Amino acid sequence: MNILLTLGLIILCTKLADSFAIKVGLPAVVGSLLVGILLGPAMLGVIEESQLIHLFSEIGVILLMFLAGLESDLQTLKKFFKPSLLVGLLGVGVPFVVFTSFSKLFGYDTGAALFIGLIFGATSLSITIQVLKELHFVRTKEGSVIIGSAILDDIIVIILLNLVLTSIGPTSTSIVSILGLLGKNLLFFVLIYLFNRFVLPLLLKGLKKVKAPEKNTAFALAFAFILSYFAQMIGMSDIIGAFFAGLMLSQTKIAHQVERKIESTTLAIFAPVFFVSIGLNLNFKGMGNQIVFIVVFSILAVLTKFLGGYLGGRLNGFNRESSSIIGTSLISRGEMALILVSLGLSKNLITQEVYGAIVLVVIVSTIVAPILLKKQIMKQQETTERIPEAHPEASVESGS
């Protein structure tokens, strides 16, 4: 199909599906995900993955994470770093151990089992952030822990990825690789701090002297893309770079203007393509022998992430409702898991049949997660409205 017609069809169908999802009480993103499944190879086959759709989806997830950074409160994220770290560790550790163990029970060798465990240890913040934004929950302390833990989750998974690949590869240079990776990650955050402290103020001061249309928005986009590239170059996820670009700009005077303009374009074009592209990865062919695997792993995908996040929340002193929100927010796997499963296929760690089954489980978790998360957040908000004095910590919303 012609790419222009494809883009037009995606935008039109996702907005209609989002509207229907909202009317029946579901998060809007669920509608877009279902459009990808309905129009993709899994069902009607009207739309197929292409290089341009892939490019649009990559831009979409980068812009979504950039907007998440713009809406975040840096001081709140700093305040909740320790809780975020504990939630991130448990959010990766619990699924990693459980899925590795169950993969061994299903007969997979150690290398494949470790890799499958790693796939389901990943978290998709880009899906979760849509629900947080929709319900104005980004700036709450639960929202700060969710965002912080998801970012740390990504870093933990990348470190474990290097561990797994080096441990099952032809060479055993894991210590050197891990130390090198940790050094790069540390360097990234040190440079982020120095740039934000000394360079960014000078750039913004110079920007005032530039006479060009939409200069602030153009600068913000350039900043987001360049920092995303830098993060990717040193072995981290590009969305981490995008998030920190937004986080740094969130403290500036241009933040509100930039957020408003970039958000409209992102939600109109790039985000719909990204969410549809997830559904395009699903194909039901050859899955007849994987029914038990799909059912068991879909249940585990929900339970293990919820358990890890819930325990992390409770250990950090959050009440049951807040801990449930944190646990539910980690369930979605999304793009990071899809990247990992594609890597596993390319390195012959998993077969094409298992690849399809895992992609289906990932998509199931991606659809279920925002539904459960919205339900948990609305439940807490209703409780807070009825008995505000019982949960003074439940909402520290300062506007988004």
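Helices (H or I, at least four residues) and strands (E, at least two) are taken as DSSP runs and numbered from the N terminus. The model is predicted: local features require pLDDT of at least 70, side-chain atom pairs count only at pLDDT 80 or more, and totals for chains, interfaces and linings use all residues. Residues are numbered from 1 along each chain as its sequence is written, and side-chain values use heavy atoms, with hydrogens and water left out.

The protein chain contains 16 helices and zero strands. Confidence is given by pLDDT, the predictor's score for each residue, from 0 to 100. Its mean over the protein chain is 84, and 90% of the residues reach 70 or more. Over residues 388–400 the pLDDT falls below 50; this stretch still has 23 contacts in the model beyond near neighbours in sequence. A contact means heavy atoms within 4.5 Å. Of the contacts in the protein chain with a separation of 6 or more, 81% join residues 24 or more positions apart.

Of the 400 residues in the protein chain, 55% are buried.

Val258 lies in helix α12 (residues 255–280). Its relative accessible area is 1%, so Val258 is buried. Leaving aside residues up to four places away in sequence, Val258 touches Phe66, Leu70, Asn216, Thr217 and Ala220. Gly246 is twelve residues from Val258 along the chain, and their C-alpha atoms are separated by 9.8 Å.

Gly246 is one of the buried residues of α11. Helix α11 spans residues 238–249. Twelve of its twelve residues are buried. Among them are Asp238, Phe243, Phe244 and Met248. From first C-alpha to last, α11 reaches 17 Å, close to the expected 16 Å. The expected span is 1.5 Å times one less than the number of residues.

Ser324 belongs to helix α14 (residues 320–329). Ser324 counts as buried because its relative accessibility is 12%. With residues up to four places away in sequence not counted, Ser324 touches Phe306, Tyr310 and Gln376.

Helix α5 (residues 81–105) packs against helix α6 (residues 110–119) at an angle of about 145°, with the axes 7 Å apart. Axes are lines fitted to C-alpha atoms, for helices over the stretch in contact, and angles run from 0 to 180 degrees between N-to-C directions. On the α5 side, the contact is made by Pro95, Phe96, Phe99, Thr100, Ser103 and Lys104. On the α6 side, Thr110, Ala113, Leu114, Ile116, Gly117 and Leu118 take part. By class, this contact has seven nonpolar, four polar and one charged residues. Here Ala, Val, Leu, Ile, Met, Phe, Trp, Tyr, Cys and Pro count as nonpolar, Asp, Glu, Lys and Arg as charged, and the others, Gly among them, as polar.

Two loop residues have a positive backbone phi. His136 has a phi of about 55° although it is not a glycine. His136 sits in the loop between α7 (125–134) and α8 (141–168). With a relative accessible area of 47%, His136 is partly exposed. Glu214 also has a positive phi of about 55° and is not a glycine. Glu214 is found in the loop between α9 (174–207) and α10 (215–233). Glu214 counts as partly exposed because its relative accessibility is 46%. Most residues other than glycine have a negative phi.

Conventions. Buried means under 20% relative accessible area, exposed over 50%, partly exposed in between (1.4 Å probe, protein chains only).
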